[in-house]
Amino acid sequence: MRSITRAALVGAATLPLAMAAPALASASTAADVSFAYTASGSTVTNTITNNSGVPLHCGTLLGNAPGGVLPPVEDTLRAGQTIGTTGEIPAGTTAQVVTDIPDGSYVVLATCTSSGEATSMWISDYPGIEPYLTVFPYTVYTVQQASWVVTIPSTDATIPETGVNFGS
């Protein structure tokens, strides 16, 4: 029963992100994708660097972070991420922008997927997420840019280089 619940939680949370892009990814690596988050006012920007050589389908989604604290991964997956944007990201550097975010505290979670014979998935690192990723039939990489908590309205927040890194 626990694995069914786990699959349901992860599936519901990442369904918009797991839509396949039409390109074939070959010999992907963890370093193929990186995320960099910033916030200004009611806007969160995720600068995605795609070094995979093929277009990827990516999403930058926000879930509630009560009290401005990173919630347990189970809470974020169970509640889902209801604010965000998804789309195709070409090779190179592209910004995904989420605008008109209501006041509150949110966790930013980003994911990119490729499709074809060698399907890969890159997801923001989040403490405790690894067991939930085993339900996907992909090669899954956690991106060293960890999931990030932002409070809106924000004034030009950036990730400090000395911040906690939950990456592997």
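Q: Leaving aside neighbours within four places in sequence, which residues is V73 in contact with?
A: V73 is in contact with Y126, P127, G128, I129 and Y132, where contact means heavy atoms within 4.5 Å. This is a predicted model, in which local features need pLDDT of at least 70, side-chain atom pairs count only at pLDDT 80 or more, and totals for chains, interfaces and linings use all residues. Residues are numbered from 1 along each chain as its sequence is written, and side-chain values use heavy atoms, with hydrogens and water left out.

Q: How many residues apart in sequence are V73 and G128?
A: They are 55 residues apart in sequence, while their C-alpha atoms are 6.2 Å apart in space.

Q: Where does V73 lie?
A: V73 lies in helix 2, residues 73-79. Helices (H or I, at least four residues) and strands (E, at least two) are DSSP runs, numbered from the N terminus.

Q: Is V73 buried or exposed?
A: V73 counts as buried, at 3% relative accessibility. Buried means under 20% relative accessible area, exposed over 50%, and partly exposed in between (1.4 Å probe, protein chains only).

Q: Turning to disulfides, how many are there?
A: The count comes to one disulfide, defined as a pair of cysteine sulfur atoms within 2.5 Å.

Q: Which residues form the disulfide?
A: C58 and C112 form it, with their sulfur atoms 2.0 Å apart. The pair links distant parts of the chain, 54 residues apart: C58 is in strand 3 (residues 56-64) and C112 in strand 6 (residues 104-113).

Q: Why is the disulfide right-handed?
A: The torsion about the S-S bond of C58 and C112 is about 110°, so the disulfide is right-handed.

Q: And is C58 buried or exposed?
A: C58 is buried, with a relative accessible area of 0%. C112 is buried, with a relative accessible area of 0%.
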